[in-house]
Each structure stands twice: as C-alpha cells, then as structure tokens.
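Welcome, and please take a moment to look over the model below.

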Amino acid sequence: MSNTFDLDSNPHTRLNILTGEWVLVSPHRTKRPWQGKVEELSPDNRPEYDPKCYLCPGNDRADGDVNPAYSESFVFKNDFSALLDDTPLASFNEADLLVANNQKGLCKVISFSPKHNITLPEMKVADIASVVALWQKEFNSLSENQWIKYIQIFENKGEIMGCSNPHPHGQIWSLSDIPAELLKETERQKNYYAVHRKSLLSAYLQLELEIQERVVYENDHFVVLVPFWAVWPYETIIISKRHLTSIKYFTEAEIKSLADAIKILTVKYDNLFETSFPYSAGMHQAPVNSGDYPEWHWHMHFYPPLLRSATVKKFMVGYEMLASPQRDITAEFAAKKLREMPQVHYKVK
Ligand SMILES: O=C1CCN([C@@H]2O[C@H](COP(=O)(O)O)[C@@H](O)[C@H]2O)C(=O)N1
Ligand SMILES: [Zn+2]
C-alpha cells in the first residue's frame with residue numbers, strides 16, 4: 001500500500017482541531033455518480049405580510065406584546081425564554097454523582113426583515129449588513145451585564161431544522177456559564193496559542209489558503225471554507241482574516257464584508273439543489289466578563305442537513321450517536337460543488 005495518504009479513496013478519520021473530536025470519512029462509498037438532483041417542490045407562495053405571524057411588523061405576539069411597524073430588523077426579548085434572568089445562581093451535588101448548576105440567562109429573537117417571505121440569500125447585502133450591525137450592538141449591550149459570561153448568536157433556518165416560523169429570524173442566548181462546545185474550542189485554541197503565540201485558526205486559515213482545495217469563497221476580510229473535519233455534508237465555516245476575539249471588534253468594513261460572505265454562501269447553498277437551503281448557523285467567539293481570551297479567533301459555523309437533494313438529508317443516528325460522526329462525500333468534494341455554484345440566486349431571473 002502506498003504510504004502517501006490518499007484522502008480520496010480509503011476510509012479514514014479526520015481531527016477537528018477546534019474540538020479534539022474525530023469524524024469517520026468513507027470516500028469509497030461515493031464512487032457511484034453524484035445524485036444531487038433538483039426536485040419539483042410545491043411552490044413557495046408565502047405572502048410578504050402574514051397577519052398571523054408573530055414576527056411581522058405591527059402584529060401581536062403570543063404573550064400580548066405588539067411588534068412595532070419596523071422597516072429594517074427588529075429585536076425583542078424571547079417571550080418563552082429557555083433561560084431566565086432572575087434565576088438565582090446555585091448548584092447541587094450528591095456525592096459527585098448527581099451534579100447540577102442553576103443557569104441564569106437572557107434570550108432575544110431578531111427578525112432580519114419586515115418581509116415575511118424573504119430569506120438571507122434573497123436579501124440585499126446592505127440589509128444583511130444591518131443584521132450584522134444589530135448582532136454587534138446586541139452583543140455589546142448584553143456584555144455590559146457582568147453576570148453574562150457567554151453570548152450565542154444563531155439562526156435555525158427551515159422547518160427541517162425545527163424552525164417554528166419561516167419569517168427570516170435568528171436568536172441570541174446569553175448565559176451565566178460557558179457552554180460545553182465553547183469550553184472544548186477554548187481549550188484547543190488556548191493550547192495552540194500558548195505554544196505558537198498565534199491563533200489556531202490563523203495558522204489553519206493560512207494553510208487552507210495555500211492549498212485552496214476547501215475554500216468556497218474569499219473576500220477582503222473573511223474566508224468561507226468546508227473545514228477539513230466537516231461532519232455535515234455541506235458544512236462550512238466562515239473565518240475572519242484578522243485575528244479578532246469577538247464581533248465587538250468588527251470595523252464597519254468587516255461588518256459589510258461578513259454580510260457579503262453570508263450572502264454569497266447562502267446563495268450558493270440555495271443554488272445547490274434549487275431550494276431554500278436549511279441550516280443551523282451560529283458564531284463562536286470569546287466568552288465575556290471572565291478574563292482575557294487572546295487565543296480566541298472569531299468564526300461562524302453553518303451546519304446544513306441536506307445530503308443529495310432538497311428532500312434527502314444526512315441522518316446523524318446509529319453509529320454517529322454511539323461512536324463518532326461519519327460522512328461519505330469528502331469535504332473537498334463538497335467545497336468543489338459549492339465553489340462551482342453561481343453567486344446569483346436561482347430565483348433571480
Ligand atoms: O410570540 C412569540 C412566539 C415565539 N417566540 C419565540 O421565537 C423563537 C423562534 O424560534 P426558532 O428560531 O426555533 O424558530 C422561539 O424561541 C420562541 O420562544 C416568541 O418569543 N414570541
Ligand atoms: Zn466554533
């Protein structure tokens with residue numbers, strides 16, 4: 001057997017350098033022709049305004065509050081928050097076998113647009129930039145609460161991702177503790193930074209830009225990649241070129257540039273199967289009000305479930321739940337498909 005490692009043919013595992021976890025890749029299983037197909041789906045004829053939608057301007061929300069007649073983006077405190085900001089901080093421990101901690105938090109919902117029937121890929125870059133600016137404003141104002149230690153900005157898009165309302169929106173959950181996924185990524189970035197005095201993602205980005213095989217799109221301030229360790233078929237990561245620890249430090253130019261990167265990526269996603277491409281996406285950044293985190297490098301994960309058509313998704317079940325995530329198509333194959341997708345949305349005639 002040749003000792004040169006062929007990422008394209010033998011089953012192998014890949015290391016996620018951010019979390020320390022491994023993904024099993026079975027490239028030999030995709031020797032059959034790519035069956036990515038465009039399916040005829042029922043036309044999406046949602047109205048621009050839906051009188052029953054709790055996110056549309058001027059409408060009642062479930063708890064009786066009324067939305068203003070907003071014309072850009074709109075943020076409000078979640079009426080059914082998973083975390084409450086009056087929870088006392090307390091912990092529970094029974095012989096180190098039953099361990100629990102109270103969690104205090106503040107959750108917000110952001111409507112990206114007054115239009116009920118639009119999604120990020122169909123929005124103008126300038127309107128996406130106003131969403132990014134609002135994310136930065138909310139991040140900064142939430143950070144002023146000293147009890148808040150971490151802020152998770154995210155979007156669940158599409159029914160298949162449990163999204164309860166098609167109106168374009170995202171959420172911000174801020175909490176008094178640092179969640180597990182972030183502790184993993186902090187640990188790995190801290191270890192690398194301590195040795196190399198530069199961020200893990202700066203080094204990773206430099207290598208990926210040299211190789212180019214997993215780059216999907218690049219602009220002045222951000223790079224969109226399918227990460228070497230991607231788990232979901234068309235998973236991507238957006239990484240800032242500047243080593244920024246959080247969105248707090250984004251300049252005006254970086255805000256506009258992130259909006260451009262999100263626009264191009266989500267347009268390519270929609271073009272892949274000519275459907276509104278579902279995903280859960282969120283940014284990862286340094287914890288707040290808990291010391292310095294110079295090792296942290298801002299990035300944004302996109303976790304889309306679709307595998308080979310608008311209705312065929314990857315299932316993370318069985319082996320993935322019990323042993324480790326597994327994928328057939330390689331990160332390189334996915335990146336090539338996304339690179340080839342036009343930057344103009346398929347609905348734009
Ligand atoms: O009137 C309402 C309905 C839904 N919501 C909140 O909107 C959020 C939307 O969640 P999704 O991103 O999963 O669709 C959800 O957390 C739900 O609690 C309100 O805050 N007010
Ligand atoms: Zn991350």
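## The model and its largest pocket

Please keep in mind that this is a predicted model. Its largest pocket has a volume of about 970 Å³. There are 35 residues in the lining, and those closest to the pocket centre are Leu41, Asp44, Arg46, Thr275 and Ser276.

What does the lining look like by class? It has 13 polar residues, alongside 11 nonpolar and 11 charged ones. Strand β7, covering residues 150-157, gives the most to this lining, with three residues.

## His169, an annotated position

UniProt lists His169 under "active site", and the entry is unreviewed. In the model, His169 belongs to strand β8, which covers residues 169-175.

Is His169 buried or exposed? Its relative accessible area is 9%, and because buried means under 20%, His169 counts as buried. Leaving aside neighbours within four places in sequence, His169 is in contact with Leu55, Val109, Ile110, Ser111, Phe112, Glu155 and Cys163. Within its own stretch of sequence, the side chain of His169 reaches the backbone oxygen of His167 at 2.6 Å.

Glu295 sits in the loop between β12 (279-284) and β13 (299-303).

Which residues does Glu295 touch? Not counting residues up to four places away in sequence, they are Thr186, Gln189, Lys190, Tyr193, Ser199 and His243.

Definitions and conventions: Residues are numbered from 1 along each chain as its sequence is written. Chains are lettered from A and ligands numbered from 1 in the order in which they are written. This is a predicted model: local features need pLDDT of at least 70, side-chain atom pairs count only at pLDDT 80 or more; totals for chains, interfaces and linings use all residues. Side-chain values use heavy atoms; hydrogens and water are left out. On a 1 Å grid over the protein atoms alone, a cavity is a set of points where a 1.4 Å probe fits but cannot get out, and a pocket is an open set with protein on both sides within 12 Å along at least five of seven lines; lining residues have an atom within 4 Å of a point. Grid points are joined across faces, edges and corners, and a volume is the space filled by probe spheres set on the points. Helices (H or I, at least four residues) and strands (E, at least two) are DSSP runs, numbered from the N terminus. Ala, Val, Leu, Ile, Met, Phe, Trp, Tyr, Cys and Pro count as nonpolar, Asp, Glu, Lys and Arg as charged, and the others, Gly among them, as polar. UniProt positions are given in the numbering used here, feature names are shortened, and annotations may be inferred rather than shown by experiment. Buried means under 20% relative accessible area, exposed over 50%, partly exposed in between (1.4 Å probe, protein chains only). Contact means heavy atoms within 4.5 Å. A polar contact is a pair of N or O atoms within 3.5 Å; within protein, one must be able to donate a hydrogen and the other to accept it, and residues adjacent in sequence count only if both atoms are side-chain atoms.
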